[in-house]
Amino acid sequence: MELGLYTFGDVGTDPVSGARVDPALRLRQLVEEIALADEVGLDVFGLGEHHRPDYAVSAPAVALAAAAGRTSRIRLSSAVTVLSSDDPIRVFQQFATLDNLTDGRAEIIAGRGSFIESFPLFGHDLDDYEDLFEEKLQLLMALNDGEVIRWPGSEHTHEIPGRGVYPRPVQDKLPIWRAVGGSPQSVARAGALGLPMALAIIGGEPARFAPLFKLYRKSATQMGHDPKTLKTSLNVHGFVAETSQQAADIFYPAQAEVMNRIGGERGWGPTSRAQFDAARGPNGAQFVGSPAEMVDKILATHELFGFDRMLIQMAIGVYDHAQLMKAIEILGTRVAPELRRAAA
């Protein structure tokens, strides 16, 4: 079982201290976090693409490249690349470049994204939301298959009459994951295409999402793919500290600020500390607690899903960077080794 982190590079004001974090500071902090995650033995670090004033990462490959020279083994991934509003050729070239810089440690998690700002920004119609992603994903997969691409074109992609795309990655192929939420259609499509799947869960009871993993494997089998060769990832919110109370007290104010701000945009009701504390119980979606609690909850969830990887969004919202660095250290030195021992 692989264990890693992902973040969107939140900027803004710390709701506890009032300290201001701007994009320049946050990006420098991200490089430090990725370097530490590599040092303490975590397996993956992912950066999500957004085009909003509250996030510093609009170009994941660039930010990951800044950390490449300070790491030696950790895999560097987008989380996610908003492929619908991007150019698949440039996405492939950027991550193939990152793959060369890291001697074969780059990955792409491609998704539709959870926000829509990139569509008008890059001149796309939201009415084409589904078709844009599916057509561009097919092109990205074709680019990954070989040096010379012959592409007939589609409604949202142009014809490519036998052109080379460079550089080629160090890996035989770049790992391209398909990011999904709770949509059975997206899950089935990931299996049918034979792509590894990353499922994000930020609310509710994780157990109710377990049937989606069965659907994914069934769809893969029906299309002739061996599900044993296809990796799955569970992406969640969480935080670890020396004690359960400390973890909750550090994580809740920043996470609540983010969820209430975004929830206000989308018409959700406000969250509360009582709801948060309930969600970090054994059956909830918040992976927040002491090292022992984190290990127990991850292993229990693994029993339900059988995933190959868990990515945790610990850096959500703005809070003290030293506390986050300590959490990364604990996750790598105390949680990850226990998970590996249990898996072995």
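**Figure 1. The lining of the second largest cavity, by residue class.** By class, two nonpolar, five polar and two charged residues line the second largest cavity of this predicted model. Ala, Val, Leu, Ile, Met, Phe, Trp, Tyr, Cys and Pro count as nonpolar, Asp, Glu, Lys and Arg as charged, and the others, Gly among them, as polar. The lining residues are E49, H50, H51, V82, G113, S114, F115, E117 and S118. The volume of this cavity is about 70 Å³. A cavity is a set of points, on a 1 Å grid over the protein atoms alone, where a 1.4 Å probe fits but cannot get out; lining residues have an atom within 4 Å of a point. Grid points are joined across faces, edges and corners, and a volume is the space filled by probe spheres set on the points. Residues are numbered from 1 along each chain as its sequence is written. In this predicted model, local features need pLDDT of at least 70 and side-chain atom pairs count only at pLDDT 80 or more, while totals for chains, interfaces and linings use all residues; side-chain values use heavy atoms, with hydrogens and water left out.

**Figure 2. The largest cavity.** Three cavities of 30 Å³ or more are counted, and the largest has a volume of about 80 Å³. Its lining consists of D10, V21, R26, Q29, E33, A315, I316, G317, V318, Y319, H321 and L324. The elements giving two or more residues to this lining are α1 and α11 (321–343). Helix α1 gives the most, with three residues. Helices (H or I, at least four residues) and strands (E, at least two) are DSSP runs, numbered from the N terminus. The lining of the largest cavity divides into six nonpolar, three polar and three charged residues.

**Figure 3. The largest pocket.** The largest pocket has a volume of about 900 Å³. A pocket is an open set of grid points with protein on both sides within 12 Å along at least five of seven lines. Of the 35 residues that line the largest pocket, G113, S114, V180, G181 and A200 are the closest to its centre. Elements that each supply at least two lining residues include β7 (106–111), α5 (129–145), β10 (176–180) and β12 (232–240). Helix α8 gives the most to the lining of this pocket, with four residues. By class, the pocket lining has 19 nonpolar, 12 polar and four charged residues.

**Figure 4. The buried side of helix α2.** In helix α2 (residues 60–68), the buried residues are P60, A61, A63, L64, A67 and A68. They lie on the same side of α2 because they cover an arc of only 165° around the axis. The arc is that of the directions from the helix axis to the C-beta atoms. Buried means under 20% relative accessible area, exposed over 50%, and partly exposed in between (1.4 Å probe, protein chains only). The cover over the buried residues of α2 includes α1 (23–39), β4 (44–47), β5 (75–78) and α3 (88–101).

Figure 5. I89 lies in helix α3 and is buried, with a relative accessible area of 17%. Not counting residues up to four places away in sequence, I89 touches L143, H158, I160 and V165; contact means heavy atoms within 4.5 Å. Q313 belongs to strand β14 (residues 309–313) and is buried, with a relative accessible area of 2%. Leaving aside neighbours within four places in sequence, Q313 is in contact with Y6, T7, F8, V236, H237, G238 and F251.

Figure 6. S72 sits in the loop between α2 and β5 and is exposed, with a relative accessible area of 59%. Residues up to four places away in sequence aside, S72 touches D38 and R105. D103 is in the loop between α3 and β7 and is exposed, with a relative accessible area of 62%. Although D103 is not a glycine, it has a positive phi of about 55°.

**Figure 7. Cis peptide bonds.** Most peptide bonds are trans. A cis peptide bond joins A79 and V80, with omega about 20°; V80 lies in the loop between β5 and β6 (81–82). The bond from Y166 to P167 is cis, with omega near 0°. P167 is placed in the loop between β9 (160–164) and β10.
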